[in-house]
Amino acid sequence: MKVAVSTYSFARMMQNNQITQFGCIAKAKELGFEGIEFVDILPHDGSTVEEYARKLKEECQRLDMTITNYTFGADFLMGSDGDTKKEIERVKKQIDIAEILGATSVRHDATRGYSYGTGFKSFDSVVFQIADACREVTVYAKAKGIKTMVENHGFFSQDSERVEKLINAVNNENFGWLCDMGNFMCADENPAKAIGRAAPYAFYVHAKDFHQKNGMQPNPGEGFFRSRGGNYLRGAIIGHGDVPIQQCLSILKSTGYDGFVAIEFEGLEDNILGLSIGIKNLKRFIENA
């Protein structure tokens, strides 16, 4: 397995105008990463999205950094302005951006689900509607040599059982799973057990760690959010939290996964500090898995 980093891991620095996506490439290289995943395309210089994607590709080539994945949001249940067809077309345009970027895989979301108070349906009742949209997108992407996937992400689509149902409903070899080993905790699922279900479908992997506190305890305050079941979670440096990362890596190895593992860091610590410690731990965990 090789180690990559998501530009999401530099989010605080980008928000404070300390770094751009373009600058993330050199910083990732300096920290020892072999690849980089781009989350959206965020031009800082007045370029169009297409122009900036091309510049990012050229900089990665110059620094010998693999573009491991392109990630963006989508919602095939609520759609764009309530229109699923419109959302499918929007996502296809993002596939075109991925092609310009030089990414060979894309992660789009499935859906964030229904808002409370606006009516509710089970995941099972809408899985085939979502699957139809995912299938149309992956057929479009396959013609460009791009694989597509969804992540266990967004509460409604976060459980491993639900994602597995969706992948099997899409039933296309070009469509798979971005396995985020930390995100299962947002649905109060044991990460190792969930990875055991997810691993055979894995196209790509996120290493993410969380500190977890039981929901029966007092609210620990700033930095924490609540899982779907009411437990408290806070982003952590890889190896500092409660996600059994080495165990998850062992499971992935046992099923033959040998692709990139990208750190997605969202802790309170300084981005560079978090990534500097995280990459050392992740490399050790991979070696020992």
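**Salt bridges in the predicted model**

Glu173 is exposed, with a relative accessibility of 66% (exposed denotes over 50% relative accessible area, buried under 20%, and partly exposed the range in between, with a 1.4 Å probe and protein chains only). The structure is a predicted model, in which local features need pLDDT of at least 70 and side-chain atom pairs count only at pLDDT 80 or more, whereas totals for chains, interfaces and linings use all residues. Residues are numbered from 1 along each chain as its sequence is written, and side-chain values use heavy atoms, with hydrogens and water left out.

The structure contains 23 salt bridges, each defined as a side-chain nitrogen of Lys or Arg within 4 Å of a carboxyl oxygen of Asp or Glu. In one of these, Glu173 pairs with Lys142 at an N to O distance of 3.3 Å. This pair links distant parts of the chain, 31 residues apart, with Glu173 in the loop between α6 (160-170) and β6 (175-180) and Lys142 in helix α5 (residues 123-142); helices (H or I, at least four residues) and strands (E, at least two) are DSSP runs numbered from the N terminus. Lys142 is partly exposed, at 42% relative accessibility.

A salt bridge also joins Glu164 to Arg197 (3.3 Å, N to O). Since Glu164 belongs to helix α6 and Arg197 to helix α7 (residues 191-198), the pair ties together parts that are 33 residues apart in sequence. Glu164 is partly exposed at 21% relative accessibility, as is Arg197 at 30%.

Asp81 and Lys86 form a further salt bridge, with the closest N and O atoms 2.9 Å apart; Asp81 is exposed, at a relative accessible area of 72%, while Lys86 is partly exposed, at 44%. Finally, a network of salt bridges links Lys85, Glu89, Lys92 and Glu136.
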